[in-house]
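Thanks for coming, everyone. I have one structure to walk through today. Have a look at the sequence and the model first.

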Amino acid sequence: MNALVNLAAEEENPLLPPLPELVIGLIAFAIVFIFFAKKLLPNINRVLDERRAAIEGGMEKAEATQAEAQQVLEDYRAQLADARHEAARLRQEAQEQGAALIAEMRAEGQRQREEIIAAGHAQIEAERKQAGTALRQDVGKLATDLAGKIVGESLEDVARQSRTIDRFLDDLEAKAADGTKAEAGR
């Protein structure tokens, strides 16, 4: 049995590599590690730093853009409020001007209406006087002709005729005016 253990001890352990292979492996590992540490690791760190800076810069830029957009939105809302206020003011002014224009047009229409009525009254009065004068002449002529036919002789004296007719018509007008006053008093 001892012999077997010795024999087994002389044989190498399959879990432990031979020492020269272990030294060569460690040297190769050290070379690869140093290469990675000196060449690749700084490049990787630099790329990662650049990426981190780009991401942070992008976030800062996004925050700045968002703040700017918020400021533009607030400015827009302020301008919109000002525009609405200005529109309301203009609408109010337009309503006031419209009301003033309507009042002015009504006053002008009233003035024109009164002028037309006054002109109509003046024209009616002139036509009434003209008709009264023509009626006096016609009534006087008819009365003179009728009186001449009744009396049997011509009453052609114009001056006397005119005075008689005027006196007769003045008496009629005075009686008519007294009758109108008496009816108004009732």
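Now step back to the whole chain. This is a predicted model. The protein has three helices and zero strands. Along the sequence, the pattern reads α-α-α. Helix 2 covers residues 19-151. Of the 186 residues, buried ones make up 3%. The accessible surface comes to about 16,500 Å², and carbon and sulfur atoms account for 62% of that.

Confidence next. The average pLDDT is 83, and 83% of the residues score at least 70. Helix 2 has the highest confidence, with a mean of 89. Helix 1, residues 2-10, has the lowest, with a mean of 53. Where pLDDT is low, the predicted coordinates should not be read in detail.

Back to charges. The count comes to seven salt bridges. Take Arg111, which lies in helix 2. Which residue does Arg111 form a salt bridge with? That is Glu115, with the closest N and O atoms 2.2 Å apart. Arg111 and Glu115 are four residues apart in helix 2, about one turn. The side chain of Arg111 also has a polar contact of 2.3 Å with the side chain of Glu108.

Another bridge joins the side chains of Arg52 and Asp49, at 2.8 Å from N to O. These two are three residues apart, again in helix 2 and again about one turn. Arg52 is partly exposed at 46%, and Asp49 is partly exposed at 42%. There is also a network of salt bridges, which links Glu86, Arg89 and Glu93.

On to the aromatics. The structure holds two aromatic pairs. One is Phe29 with Phe33, and this pair is stacked: 6.3 Å centre to centre, 25 degrees between the planes. Phe29 and Phe33 are four residues apart in helix 2, about one turn. Both are exposed. Then there is Phe35 with Phe36. Why is this pair called tilted? The ring centres are 6.1 Å apart and the planes stand at 50 degrees, and tilted is the class left between stacked, under 30 degrees, and edge-to-face, over 60. Phe35 is partly exposed, at 46% relative accessible area. Phe36 is partly exposed as well, at 40%.

Last item: the nonpolar surface. Leu19, Leu22, Val23, Leu26, Ile27 and Ile31 form a nonpolar patch there. Together they have about 580 Å² of accessible area. Take Leu22 as one of them. Its place is in helix 2. Leu22 is partly exposed, with a relative accessible area of 41%, so it clears the patch requirement of over 30%.

That is my tour. Over to you.

How values were computed
Residues are numbered from 1 along each chain as its sequence is written. This is a predicted model: local features need pLDDT of at least 70, side-chain atom pairs count only at pLDDT 80 or more; totals for chains, interfaces and linings use all residues. Side-chain values use heavy atoms; hydrogens and water are left out. Patches are made of residues with over 30% relative accessible area and no salt bridge: like charges are joined within 9 Å, nonpolar side chains (Val, Leu, Ile, Met, Phe, Trp, Tyr) within 5 Å. Accessible areas come from the Shrake-Rupley method with a 1.4 Å probe; for residues, only the protein chains shown count as cover. A salt bridge is a side-chain nitrogen of Lys or Arg within 4 Å of a carboxyl oxygen of Asp or Glu. Buried means under 20% relative accessible area, exposed over 50%, partly exposed in between (1.4 Å probe, protein chains only). Rings of Phe, Tyr and Trp (its six-membered ring) pair if their centres lie within 6.5 Å; planes under 30 degrees apart count as stacked, over 60 as edge-to-face and the rest as tilted. pLDDT is the predictor's confidence in each residue, from 0 to 100. A polar contact is a pair of N or O atoms within 3.5 Å; within protein, one must be able to donate a hydrogen and the other to accept it, and residues adjacent in sequence count only if both atoms are side-chain atoms.
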